[in-house]
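Let's take a walk through this one together. Have the sequence and the coordinates side by side, and follow along as we go from one chain to the other and then into the contact between them.

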Amino acid sequence: MSQTPALRAERPAAPPSPSVARRGASTAKRKQYRAAYLFLLPFFVVFITMLVVPLVYSGYLSLFESKLIGGDVFAGLANYVRALQDSAFLASIGRMGLFFVVQVPIMLGLALFLALALDTGRARGSKGVRLLVFMPYAVPAVVATLMWGYLYGPDFGPIAQIARGVGLGTPDFLSPENILGSMMNIVTWEFVGYNMIIMYAALRSIPGELYEAAEIDGAGQWRIAWSVKIPAIRPAILLTVIFSIIGTFQLFAEPSLLNAIAPDAITNSFTPNYYAYNLAFINQELNYAAAIAFLLGIFIAIVSYIVQLSTQRRERRERGMS
Amino acid sequence: MTSLDTRAAVAIDDDAAGRRRAKRSFDPKKRRSVLLTVLLWLCVLYFVLPLWWLLVSATKDNSALFSTFGLWFGGGFSFAENLETLFTVRDGIFTRWLVNTLVYSLTAAAGATLLATMAGYAFAKYDFPGKKALFSATLGAVMIPLTALALPTYLLFSQAGLTDTPWAVIIPSLVSPFGVYLMRVYAADAVDDSLIEAARVDGAGEFRIFWQVGLRLLGPGLVTVFLFSLVATWNNYFLPLIMLNTSDLYPVTVGLAQLQAAASAGGGSQALFSTVITGSFVSILPLIVAFLFLQRYWQSGLATGSVKG
């Protein structure tokens, strides 16, 4: 890059150039502080009003109980105690835990495979593949669920039509036993492309010299993928894992729309988010719903944090070994 | 300013060429693989067939929808009739929903992009007290689930008299912590410190530098953050569902879900299924077109943004 050495040396802090008098430097710096804070101000105003205030308010609400007589009464942690004993809530968390353990590895594995395959440049029409796989991301969850709802249809759905055509029975995707798997499929369909694009973009910016070195050492494509590419894009993979944790435990559109076509299979507490919604807007139990939402938030934050921490620790250990 | 502009252009060109060169020297060794091609295109089928079904079904009338094979045309071509029904049902409310969606998501995306760009640029290009703490707060916010926020936000908005107005959908969508993160990484790479320095020496103020130098170099990053905020608002269902009561204010997602519920509950008395399907098909076109047209920009924007962590 066309940068003079003198300027490069100053890079991190970007202090004023040496020609400026020393006294002027501190005013210049103060001016830059002010500019930086002004740049941040609009974002943080919205950030505080739309994130921090509601969060605090939600925590506050969760400490009250609505009584028929006497209105809102301070209840301490009663709502939390109730939530932790609420089998419907715990079951919904468990269901999403299962969802996460099964669906996320499949989704991210497929995304990683596609990203690596596209990155080798050995497939024909890889640009088309990339765009077509990504396309479902632009489809709203409502439309995706609606669409798959029709596709799953036992009478007229094309999957059932084909299954009957080749002599298999009619698969019942919407039965209570199968609905979780059917939902996993919808979410996988929606988000493989998004995750693939994040990983692919990360792969594209690995410097080519790394591969050359590996090839000179006699590494094959699989070996390069495993030992060079995957470690190099670990931050991007971590990002997709964290987004998946957040996404999984917040599922809402899928259960609420599937409920219309499979009311027996989808209970009103099928996912924690759907449960919180039903509590707040159907049962009018605002305080309890706030406690549920708050607990869910804490739960997601803890899981994300553990995942992040364990990856960092692993990375440090590996760096220490090499 | 002109001297600055050319320097900026040169810097970017150098950078791009350098990256391309590094890639190209690796490319000649590559061979096409039939197995990989077949495998990848088989995967593509899984992603495309549902959309193909949607396209095919949008051409069928209600009875053909249920009597012909789902993955192929049949029973006449009623696409035009379906469109007509779609746009006339309930006094043309679908047009209203489309316009609402367009207004909400364009406003929210433009706002979110501006806020995220300014914040990301400040994080990338300035050192100031509290920078680390503020950035950690932003990153931590990525992990806050919408659920924990939606309910209290709804209550706060209803106290402020903002529920059932477009603002209830737009304002919460203005916060994009991930956008700030992407923009910070992107700006660190794309805006050269020496350019900012040169502009300062020329006597330009910090805001002028941002508007006239920074923004021009942030193009692909801007497009990326904009598109992803656009999708987030366009596809949002939960927030508008709880915030809005008047169906005239609904975005397409809530409207379609309502139509679908009516279709399922109506026992087939109304020919609504084909309307729902045609509506779904129409509603996904704008975003797909936006992604196709802008792919060069958002892909290069992501490429810089997603590697460093």
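UniProt, in an unreviewed entry, gives residues 93-307 of chain A the feature "domain: ABC transmembrane type-1". Keep in mind that what you're looking at is a predicted model.

Of the 309 residues in chain B, 56% count as buried. Look at contacts in chain B between residues at least 6 apart in sequence, and 74% of them join residues at least 24 apart.

Next, the place where the chains meet. Chain B puts in 110 residues and chain A 114 residues. Together they bury about 10300 Å², with 75% of that on carbon and sulfur atoms. By residue type, the side of chain B that touches chain A splits into 76 nonpolar, 21 polar and 13 charged.

Let's zoom in on helix 14 of chain B, where you'll find S280(B). Is S280(B) buried or exposed? With a relative accessible area of 2%, S280(B) falls under the 20% cut-off and therefore counts as buried. Setting aside neighbours within four places in sequence, S280(B) is in contact with V143(A) and L146(A) from chain A, along with L54(B) and L256(B) from chain B.

A second stop is P152(B), which belongs to helix 6 (residues 146-159) of chain B. P152(B) is buried because its relative accessibility is 1%. Which residues does P152(B) touch, not counting those up to four places away in sequence? They are P54(A), Y57(A) and S58(A). For a sense of distance within chain B, P152(B) and A257(B) are 105 residues apart in sequence, and their C-alpha atoms are 24 Å apart in space.

Definitions and conventions:
Residues are numbered from 1 along each chain as its sequence is written. Chains are lettered from A and ligands numbered from 1 in the order in which they are written. This is a predicted model: local features need pLDDT of at least 70, side-chain atom pairs count only at pLDDT 80 or more; totals for chains, interfaces and linings use all residues. Side-chain values use heavy atoms; hydrogens and water are left out. Contact means heavy atoms within 4.5 Å. Buried area is the accessible area (1.4 Å probe) that two parts lose on being put together, summed over both. Ala, Val, Leu, Ile, Met, Phe, Trp, Tyr, Cys and Pro count as nonpolar, Asp, Glu, Lys and Arg as charged, and the others, Gly among them, as polar. UniProt positions are given in the numbering used here, feature names are shortened, and annotations may be inferred rather than shown by experiment. Buried means under 20% relative accessible area, exposed over 50%, partly exposed in between (1.4 Å probe, protein chains only). Helices (H or I, at least four residues) and strands (E, at least two) are DSSP runs, numbered from the N terminus.
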